[in-house]
Amino acid sequence: MYAIKDLNSLDNRLESHFHYEYTKIMLSSMSLSDSQIDQLVTGCPLLEDSQLINDAANLFNVAKRENRKVMICGDYDADGICSTSMMVDLCQRLGFTVGY
């Protein structure tokens, strides 16, 4: 038997490793590439490579150029309310007339 000097450090390393590997196994059942799985597991998605992000940015550019109003719609759960309020705040700061 050997003595473990820092139990907190060991617990943190085991928990981090377990969650990472377990999450990768769970995500591998979906139709995702290894790169997409790594981005989801590490929490570092490559947003600049996303066509959806580019399309959304183009829509906002057109709306700003043509002085259009922006409607933000969200769900009535915790994350929906938070994300809606964040988008409303962002759009107002960018000078849009916003409805929600």
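A residue counts as buried under 20% relative accessible area, as exposed over 50%, and as partly exposed in between. This report applies those terms to a predicted model.

**Overall architecture**

The protein chain contains 4 helices and 2 strands, arranged along the sequence in the pattern α-α-α-β-α-β. Its accessible surface comes to about 8,600 Å², and carbon and sulfur atoms contribute 58% of that area. Of the 100 residues in the protein chain, 13% count as buried. Among contacts with a separation of 6 or more, 36% join residues 24 or more positions apart.

**Core**

Seven residues form the largest nonpolar core: Ala63, Val70, Ile72, Val88, Cys91, Phe96 and Val98. Within this group, Ala63 touches Phe96, and Ala63 also touches Arg68, when residues up to four places away in sequence are not counted.

Gly74 belongs to the loop between strand E1 (70-71) and helix H4 (78-93). Beyond its neighbours within four places in sequence, Gly74 contacts Gly80 and Thr84. The C-alpha atoms of Gly74 and Thr84 are 5.5 Å apart, although 10 residues separate the two along the chain.

Leu90 is located in helix H4. Together with Met87 and Leu94, Leu90 makes a nonpolar surface patch of about 240 Å².

| Residue | Relative accessible area | Class |
|---|---|---|
| Gly74 | 41% | partly exposed |
| Leu90 | 40% | partly exposed |

Gly74 is classed as partly exposed because its relative accessible area of 41% falls between the 20% and 50% limits. Leu90 is likewise partly exposed, because its value is 40%.

Notes. Residues are numbered from 1 along each chain as its sequence is written. This is a predicted model: local features need pLDDT of at least 70, side-chain atom pairs count only at pLDDT 80 or more; totals for chains, interfaces and linings use all residues. Side-chain values use heavy atoms; hydrogens and water are left out. A nonpolar core is a set of buried Ala, Val, Leu, Ile, Met, Phe, Trp, Tyr and Cys residues joined through side-chain atoms within 4.5 Å. Buried means under 20% relative accessible area, exposed over 50%, partly exposed in between (1.4 Å probe, protein chains only). Contact means heavy atoms within 4.5 Å. Patches are made of residues with over 30% relative accessible area and no salt bridge: like charges are joined within 9 Å, nonpolar side chains (Val, Leu, Ile, Met, Phe, Trp, Tyr) within 5 Å. Accessible areas come from the Shrake-Rupley method with a 1.4 Å probe; for residues, only the protein chains shown count as cover. A salt bridge is a side-chain nitrogen of Lys or Arg within 4 Å of a carboxyl oxygen of Asp or Glu.
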